[in-house]
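Subject: Structure handover

Hello,

Here is the structure you asked about. My notes follow below it.

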Amino acid sequence: ITGVQLEVGSQATAFEHRSFGEELDLCYRYYQRYTADGNSYRYLCMGSMDNDSNVGQFYMQFLKPFRSAVSTMDTSGTASDYAMRRDSTQTCTSVPALYATTTHSAYITFTVSGVGWATGDALSAVFKSSSAYLGFSAEL
């Protein structure tokens with residue numbers, strides 16, 4: 001059913017029309033999903049190597065602000081869908097983890113095994129698989 005509007009009380013108001021873009025922006029307050037768009041090796045964001053040489057720290061700015069700080073992150077569930085890149089590409093040994101969030105951004109970590117990169121080395125977070133994604137949620 002379309003074109004129906006429910007009212008509180010007995011006074012009818014003019015029908016509200018929202019564009020697709022307005023409706024999409026309202027949905028982005030609750031969930032945003034970043035995908036590889038069918039491409040392997042899609043770069044997601046930039047970061048640096050943590051001090052243990054196995055964890056990359058990445059800062060992600062969201063497309064639109066959420067209604068509250070992000071509380072969960074969905075992944076494709078396979079570590080090999082993700083990688084970090086510096087001078088070579090290293091496949092992750094676990095799926096990315098959500099570390100800290102605000103309404104505007106997230107701090108996420110990618111883990112690899114024994115690459116020998118140094119603390120502070122600049123890195124790129126990579127979707128290694130065409131089906132990889134990260135989904136951020138601020139559900140009620």
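Is arginine 86 buried, partly exposed or exposed? Arginine 86 is partly exposed, because its relative accessible area is 35%. (Buried means under 20% relative accessible area, exposed over 50%, partly exposed in between, with a 1.4 Å probe and protein chains only.)

Two notes on the basis. This is a predicted model, so local features need pLDDT of at least 70 and side-chain atom pairs count only at pLDDT 80 or more, while totals for chains, interfaces and linings use all residues. Residues are numbered from 1 along each chain as its sequence is written, and side-chain values use heavy atoms, with hydrogens and water left out.

Salt bridges

The count is 5 salt bridges. (A salt bridge is a side-chain nitrogen of Lys or Arg within 4 Å of a carboxyl oxygen of Asp or Glu.) Arginine 86 forms one with aspartate 121, with the closest N and O atoms 2.6 Å apart. Arginine 86 sits in the loop between β5 and β6 (89–91), and aspartate 121 in the loop between β8 and β9 (122–127), so the pair ties together parts 35 residues apart in sequence. (Strands are DSSP runs of E, at least two residues; helices are runs of H or I, at least four; both are numbered from the N terminus.) Aspartate 121 is buried, at 18% relative accessible area. Salt bridges with shared partners join Arg86, Asp87 and Asp121 into one network. The side chains of aspartate 87 and arginine 86 meet at 3.0 Å, N to O. Aspartate 87 counts as exposed, at 51% relative accessibility.

Lysine 64 has a salt bridge to aspartate 25, with the closest N and O atoms 3.6 Å apart. This pair links distant parts of the chain: lysine 64 in the loop between β3 and β4, aspartate 25 in helix α1, 39 residues apart. Lysine 64 is partly exposed, at 31%. Aspartate 25 is partly exposed too, at 34%.

Strands

An open sheet of 3 strands runs in the order β1-β10-β4, with antiparallel pairing. (Two strands pair if DSSP finds at least two bridges between them.) β1 (31–35) and β4 (72–75) stand at the edges with a single partner strand each, so one side of each has no neighbour in the sheet. β1 and β10 (residues 133–137) are joined by 5 bridges. Glutamine 32 stands opposite phenylalanine 136 in β10.

β2 (residues 42–49) and β3 (residues 55–61) pair antiparallel over 3 bridges. Their hairpin has 5 residues between the strands, and serine 53 there takes a positive phi near 65°. β3 also runs antiparallel to β8 (residues 105–111), with 7 bridges. Serine 105 in β8 is the bridge partner of glutamine 61.

Aromatic pairs

There are 7 aromatic pairs. (Rings of Phe, Tyr and Trp, the last by its six-membered ring, pair if their centres lie within 6.5 Å; planes under 30 degrees apart are stacked, over 60 edge-to-face, the rest tilted.) Tyrosine 82 and phenylalanine 110 have ring centres 6.0 Å apart and planes at 85°, so the pair is edge-to-face. Tyrosine 82 lies in β5 (residues 82–85) and phenylalanine 110 in β8, so the pair ties together parts 28 residues apart in sequence. Both residues are buried. Tyr34, Phe62, Phe66 and Phe136 form one aromatic cluster.

Best regards
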